[in-house]
Number of protein chains: 2
Amino acid sequence: MNKLFHYKDLERFSKEVFQKIGFSKEHAQIISNSLVLANLRGVDSHGVVRIQYYTEGVKKGLINPNPKIKTLKNENFFSIIDGDKTLGYIPATLATSLVISKAKEHGIGLVGVINLRHVGMLANYIKKVVNEKLFGLAIANASPNIGLHGFKKPVVGTNPLAIGFPVDGSKSIILDMAMSVVAKGKLLLASKKEIEIPKGWALNERGEDTTNPNEAIKGMLLPIGGYKGFGLALAIDIICGIILGGVYGLKMERTWFSQGGFLISALRIDLARSYDEYLREIKEYIKEVKATPVSEGVKVMFPNEIEEEITRRRIKEGIPVEDETFEEFVRLAKEYGISPPKPLNL
Amino acid sequence: MNKLFHYKDLERFSKEVFQKIGFSKEHAQIISNSLVLANLRGVDSHGVVRIQYYTEGVKKGLINPNPKIKTLKNENFFSIIDGDKTLGYIPATLATSLVISKAKEHGIGLVGVINLRHVGMLANYIKKVVNEKLFGLAIANASPNIGLHGFKKPVVGTNPLAIGFPVDGSKSIILDMAMSVVAKGKLLLASKKEIEIPKGWALNERGEDTTNPNEAIKGMLLPIGGYKGFGLALAIDIICGIILGGVYGLKMERTWFSQGGFLISALRIDLARSYDEYLREIKEYIKEVKATPVSEGVKVMFPNEIEEEITRRRIKEGIPVEDETFEEFVRLAKEYGISPPKPLNL
């Protein structure tokens, strides 16, 4: 049984932990808010479960809690930020503000971050972009987890891509996806539950299909659409790891917080047509797509719709946290002399 | 048995047909060169087989052979071109030249085309961009062919995406992919051969998995990665069909030459780092990826590598054309009083 927690309590706890391990109050706030927003969207793999890994990373000297963030390049629409090995949330949040102002001024903005650790869920950054009535796109590359049939080692990360379109007020279309068929967390869960995984999710160490989650964990994840998803992950690896001057997958250590580079882009829609015209047509589009004839019980949903539903529910009912993670929280709370988050249903 | 033809002879024939149906010599050359380049890359679905469909389109007044191409917007890095309902090859080739000069001047270029018909294989445009030592990206949206389980109608096109990285001389990395698991042509081929298709390729008209190619043809294609590929196709539909002011999938007629919009982007790599540094690292990357340990008989290949191999072979040995298509050529040759292409192996 997982316990439920109020998102503000989790954010408070997270903020206190990150301040205790050396982050400034402002930076601890950025990280904690991002983690909790991931949980609120239902993406628990990118939520507060990461606190323990990041804490470890700081202790081992692999994550810098007190970074000197530098701007390496800054020419009208383009910029590159050096994250000084801190958690990517901090420079990526900066990059997002910068890309928004660049897009407003120049029509387009393109901002990269290198020398960073985990940026977390990309939808967080894209949400800020679409809230400013801009089109947004973000990518990031990570350590290898994906391979193809016959490969004995993974070659590219699950390298996510997020794309966002503003719609109206708080509504928006945000696609945030990794290039693997499923997240690695699903293999870990199947292993814990001692159940098989479907063929097509992963390969073993010899590059063969496997339904055994433990073999899959030692092996690699399969990309969506075979060479297509592999090619997309490769392209993201090259953009973030080579064009931006970050680090590509094969050069990265496999940790819970590796990240090679991050790129965010924003575009002013009224470059092409008036924003009002765009808005009218995208609303019509949503209506038309949703009117697709479907079988009973099937619902046509846009990217971000389920996530918004989960957010509304979790704000009210609380965020579920696995017992093992909660035990870690209690341990961290004791270590740092702070209060652990308080379960709602006790 | 398919006959083989010299690519120059196919190009000559194609050029003569397009001139006979009203295209200028220059435009006929652009279209014919693009078709033959698709065949040379092994993408026969986008090659000379299309001549008969385009001819039909012109006869029905759906394709304009004598367009007045207009620039609707043109502000430093950004432009939109109106294709005046002609085959997309013509305005998209113009857009590609424009995007290259914009990227060279401003660092980035972004050029859209609306009011157009089929643009063909996107790799053709991206190849021109990478040949100028620029990073390139192109997308296009088409009439609906993809749906999800439970959908009784397809909602989005297979909406291709092409991404390219320059490497060295004629070498480059070019990913050109549609968002469906397989091309519709594979269903047509299975139907002709009266063989089953694997589960996971397509759905029937009730949105259920099917292994019957005829049911699949009446139904829809499945996207790569389920909602992920669907989301990507949707995003491309919105960018090309709504942001650019083109036409989105559901508003398009389903023909062999429908296209809603086309967008091409080019980026100067030295915005971020010196081109020489980039080149050194991408070559190292290719070497490192290719050194992945693999099972016997498996080869690690980059996007564009197989296609370049096929090109070399087909330049020498000829391009295979299906007998039915050749019969159409003979018919068209008679109709227009020109010589049909001459099979190499007769």
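This is a predicted model: local features need pLDDT of at least 70, side-chain atom pairs count only at pLDDT 80 or more; totals for chains, interfaces and linings use all residues.
Cysteines, a sheet and a helix pair

A disulfide is a covalent bond between the sulfur atoms of two cysteines.

Chain A contains an open sheet of seven strands with mixed pairing, in the order E2-E3-E4-E10-E5-E6-E7. At the edges stand strand E2 (70–75) and strand E7 (171–177) of chain A; each has a single partner strand, so one side of each lacks a neighbour in the sheet. From one strand to the next, the twist averages 10 degrees.

Within this sheet, strand E4 (residues 108–114) and strand E10 (residues 261–268) of chain A pair in the antiparallel sense, over seven bridges. One of the residues involved is A:Val111, whose bridge partner in E10(A) is A:Ile264. Helix H4 (residues 89–106) of chain A packs on the sheet, where it touches E2, E3, E4, E5 and E10 of chain A. The direction of H4 makes about 160 degrees with that of E4(A).

In chain B, a pair of helices can be followed. Two packed helices are described by the angle between their axes and the distance between the axes. For helix H1 (residues 7–20) and helix H3 (residues 51–59) of chain B, the axes come within 11 Å and cross at roughly 5 degrees. H1(B) is therefore roughly parallel to H3(B). On the H1(B) side, B:Phe13, B:Ser14, B:Val17 and B:Phe18 meet B:Ile51, B:Tyr54 and B:Thr55 of H3(B). The residues of this contact divide into five nonpolar, two polar and no charged.

Notes. Residues are numbered from 1 along each chain as its sequence is written. Chains are lettered from A and ligands numbered from 1 in the order in which they are written. Side-chain values use heavy atoms; hydrogens and water are left out. Axes are lines fitted to C-alpha atoms, for helices over the stretch in contact, and angles run from 0 to 180 degrees between N-to-C directions. Helices (H or I, at least four residues) and strands (E, at least two) are DSSP runs, numbered from the N terminus. Angles under 35 degrees count as roughly parallel, over 145 as roughly antiparallel, 65 to 115 as roughly perpendicular and the rest as oblique. Contact means heavy atoms within 4.5 Å. Ala, Val, Leu, Ile, Met, Phe, Trp, Tyr, Cys and Pro count as nonpolar, Asp, Glu, Lys and Arg as charged, and the others, Gly among them, as polar. Two strands pair if DSSP finds at least two bridges between them.
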